[in-house]
Structure formats: structure tokens, C-alpha cells
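Q: I'm new to this one. Could you take a close look at a single helix for me and show how it sits in the rest of the chain?

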Amino acid sequence: MSGRVLGAELGEVNLPSGPALLVLGPVLLAVLGLVIYSLVDLVRAPQVKYLPKLAWGLIIVIGSAPLGAIAYLLFGRGHAATPERPGPPAPVPAPVPGPTSALARVAVEPALRDPILIETAALTKDYGGTGLFDVGLAIPRGCVYGLVGPNGSGKTTLLSILAGTRHADRGTVRIALPRTAIAVCPDVPEFDGWLTATEAVNLARTMIGMPPHGDDLAAALHTAGLADVADRPVGGFSRGMTQRLGLACALVGDPQLLILDEPTSALDPAGRADMLDLIASMRGRRTVVLSTHILADVQRVADEVGVLRAGRLLYQGPTRTLIDTHLQPRWQIRIAGDTTALRAELGRQPWVTAVQPVGPDALRVEAVSIEAGERGIPVALAAGRERLISCEPVAADLEAAFLALTTTAKEVISGVHS
Ligand SMILES: Nc1ncnc2c1ncn2[C@@H]1O[C@H](COP(=O)(O)OP(=O)(O)OP(=O)(O)O)[C@@H](O)[C@H]1O
């Protein structure tokens with residue numbers, strides 16, 4: 001068949017050309033698409049309605065396009081109604097890390113019976129060489145936990161991450177409490193000066209979603225030692241009073257976890273003692289995590305301690321264990337009578353590094369090691385036939401233990417919660 005003849009035949013069936021083709025082209029394409037779509041759907045459908053699949057196929061293909069396809073889509077498509085058996089429950093999707101997955105994820109959850117309230121793993125905040133590095137905390141529920149360390153060791157950074165006010169770069173934080181049960185008090189809280197103390201605490205109360213003017217408002221002010229100045233504008237408060245006001249604000253919601261950054265830093269000695277008594281009284285009822293550089297405070301109130309140096313956790317565990325671990329080889333010996341002969345005897349011993357009187361009937365003896373002292377002292381007493389009244393090891397205080405730890409430790413030393 002020549003090209004001319006083909007052209008003549010096409011002309012005879014009057015196929016559209018020119019502008020008409022431009023209009024009809026998309027329509028033809030749409031019809032073709034509908035037919036193809038219907039056929040694909042028919043093939044993939046597990047079941048169709050009213051007719052067998054083959055019959056629907058013929059209708060789609062042979063039925064005057066696109067009516068066959070439309071008829072299938074309207075009537076044949078879809079499963080025949082068959083009773084369904086209930087399947088197994090849909091699995092609960094695992095939580096998908098959000099866009100901050102590179103950052104530490106702070107999970108605050110109500111696992112109320114978990115004995116460890118706060119747990120962190122590999123917590124890191126790198127400001128560029130300083131900050132916090134690979135910190136793994138384990139804070140038991142109901143304890144008073146003291147976070148200590150030299151200036152710049154990362155205490156505030158760590159507390160801020162626990163409080164949720166700062167993001168870590170890496171690591172995880174798990175707090176087994178609802179977020180609403182956590183209260184935070186910065187070292188120097190700031191208030192609008194025109195508010196009275198009552199108004200400031202009331203504001204804190206409403207900010208955590210509690211109705212204003214509850215009974216606990218006056219109680220919180222009283223507990224913080226501010227009952228007498230409840231109606232005074234806080235602009236005139238001293239730093240110590242402002243710190244107490246911060247505590248009152250933190251207490252209004254009756255939190256189960258109280259995070260306190262340097263809670264005694266602005267208080268005078270009497271105020272400090274009050275604050276420490278208050279913190280100690282919370283033991284068992286709530287968990288208190290406090291940071292401080294006053295080691296005597298920690299020794300006084302904290303059952304557990306975490307020691308930071310240059311962003312790394314050198315020790316965590318019972319305060320007592322830390323002190324006992326750094327027990328110095330030193331004893332105080334009391335005898336009946338004069339100590340001169342015993343002092344001379346001890347002074348001759350190669351294991352004794354120092355011996356000095358501490359009163360008319362007592363000596364303080366330092367040895368090269370605990371074992372050397374424990375073996376040598378009874379021998380020296382026996383040699384002089386002394387009548388022993390008492391012989392007690394002189395415990396290190398937290399300050400001595402802290403200094404020993406922070407100047408010598410290279411690795412993390414854990415107490416019971418490693
Ligand atoms: N926003 C910041 N940007 C850069 N470096 C910071 C930032 N915050 C803290 N640092 C640095 O990180 C280190 C830890 O600071 P952080 O305030 O956590 O320590 P700290 O133990 O609370 O100190 P201090 O006892 O003096 O309050 C310090 O070297 C500090 O300079």
C-alpha cells in the first residue's frame with residue numbers, strides 16, 4: 001500500500017486533523033487511560049462484584065469505550081461482602097525518633113515504681129572542648145543527690161539538660177516521672193519587681209496549670225521562710241530572699257522531683273542551715289537533685305553524690321562510700337595516763353609517718369597505710385603495757401575525699417549504682 005493510497009483511506013474515515021486533533025487528543029488519551037486503569041484494577045482485585053472477572057474484562061475492552069470501563073468502576077469494583085474474621089491487634093508502632101534524634105532525647109515517663117528515677121547515658125554537651133562528656137547518671141528515687149565539682153565542671157549544664165532547658169548533643173536522659181511532677185529552681189531566679197511574693201508564687205502556680213489562690217500558696221511561702229513578707233513587692237528582696245522565693249515557687253505544685261542549682265549560694269549561715277534542713281526533710285517524700293560547691297552542705301544532706309571534673313563524672317554513689325574510700329590512715333588513740341612513752345614508741349616505728357598529742361591523754365597517729373596502722377598500733381600499745389581507752393580511725397570529710405578524687409582520679413569510680 002502506497003503512502004498516497006493510505007492517505008486517501010485515512011481521508012475516507014475522516015480522522016480529525018489540525019485544531020480538532022488538538023482538542024480531541026487529550027480526550028482520547030483520557031479514555032485510553034481509563035480503560036487501562038480499569039483493566040489493571042480488575043487484574044489486581046482479589047474479588048469483583050456481580051459478574052466473573054472475565055466478563056468484566058470483556059465489557060471493559062469491548063464495551064463502547066469508555067462506558068465499559070465506567071460500568072466496571074461503578075458496579076464491578078470492590079469486594080463482595082463476606083464476613084470478616086477479626087485479625088490480631090495491630091502492632092503499636094515503635095516511637096520514631098524526631099528531628100532532634102541527633103540530640104539527647106529526654107524521656108519523661110510515669111514508671112512510678114522504678115527505683116532509679118533519673119538515668120542518663122553517654123550524655124554529652126560539647127561547647128568546643130568544655131561542657132559535659134559521656135555522663136551516665138543513676139539517681140535513686142527519694143534520695144537527696146548532691147552534684148559537686150569545681151567551677152566550670154559542668155554542673156549547671158547537666159542540671160539544665162535534666163530540667164529540659166538545654167539540649168545535649170548526644171546521649172539519653174530518662175526521668176521516670178511525668179513532666180508536671182518536676183520543678184526546677186535556678187541559683188538566682190528572676191521575678192518582676194512589682195509583684196508581691198504571693199503574686200509571684202501564684203503566677204508560678206497558674207503557669208503549671210493549677211487554679212490560682214490554692215491553699216498551698218501560703219504553705220509554700222511559709223516553708224520558704226517568707227510568710228512575713230508575703231505582701232511585699234519582690235523588687236525590694238535581697239538575693240537570699242529571692243532565692244527563697246524561687247524555692248517557694250518550685251514547691252507550689254508539690255513536685256516529686258526538685259532540681260536546685262546552688263540553692264544555698266545567696267543565703268547567710270542561718271538561712272543556709274534552714275535550707276539544708278528543709279532539703280533533708282524532703283528525703284523519701286521527693287527526690288532532690290542539687291548542685292553546690294559547698295561540700296560541707298552536701299556531706300550534711302546528700303545520701304548520694306556525683307562528682308564532676310572538667311565535664312566528666314568521676315564518682316557517683318553513696319556519699320558515705322566516697323568518704324570511706326578516701327579514709328586516711330590516721331587514728332586517734334586515748335590511753336589511761338601519760339602519753340609520753342607511747343608517743344616515743346610510736347615515733348620509732350618505720351610505718352608511722354606522724355604522731356602528735358591532741359590533749360593530755362590522746363595521740364593522733366598517721367601511718368603509711370591503713371593495714372600498717374591496724375597491725376602496728378596494737379603492738380606498740382602492748383610494748384608499753386598501756387591501758388587503752390579508745391582507738392578510732394579519723395574519717396576523712398567530703399572535702400578531703402573530693403580533693404583526693406579530683407586531683408588523682410583518671411577514671412570514673414562508681415559506688416553502688418554503676
Ligand atoms: N553557653 C555556653 N557556651 C559556651 N561554653 C559554655 C556555655 N555554658 C557553659 N559553658 C562552659 O562549659 C563549662 C561548664 O559550665 P557550667 O556552667 O555547666 O559549669 P558549672 O560547674 O556549673 O560551673 P560553676 O560552678 O562555675 O557555675 C565551662 O567551661 C563553661 O565555660
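A: Helices here are DSSP runs of H or I with at least four residues, strands are runs of E with at least two, and both are numbered from the N terminus. What you're looking at is a predicted model, where local features need pLDDT of at least 70, side-chain atom pairs count only at pLDDT 80 or more, and totals for chains, interfaces and linings use all residues. Residues are numbered from 1 along each chain as its sequence is written.

The chain has 14 helices and 16 strands, and our pick is helix α8, residues 239-251. With 13 residues at 1.5 Å each, α8 should span 18 Å, and its end C-alpha atoms lie 19 Å apart, which agrees.

Now, how covered is α8? Call a residue buried if 20 or more other C-beta atoms, placed from the backbone, lie within 10 Å of its own. Ten of the 13 residues in α8 are buried, so the helix is mostly covered. Among them are Met241, Gln243 and Arg244, along with Leu245, Gly246 and Leu247. For the whole chain, buried residues make up 30% of the 418.

What do the buried residues of α8 pack against? Their partners are the strands β7 (182-185) and β8 (257-261), plus the helices α6 (197-207) and α7 (215-223). Contact here means C-beta atoms, placed from the backbone, within 7 Å. Across the chain, 71% of contacts with a separation of 6 or more join residues 24 or more positions apart.

Note on methods:
Buried ≥ 20, exposed ≤ 12 C-beta atoms within 10 Å, placed from the backbone. Contact = placed C-beta atoms within 7 Å. Expected span 1.5 Å × (residues − 1).
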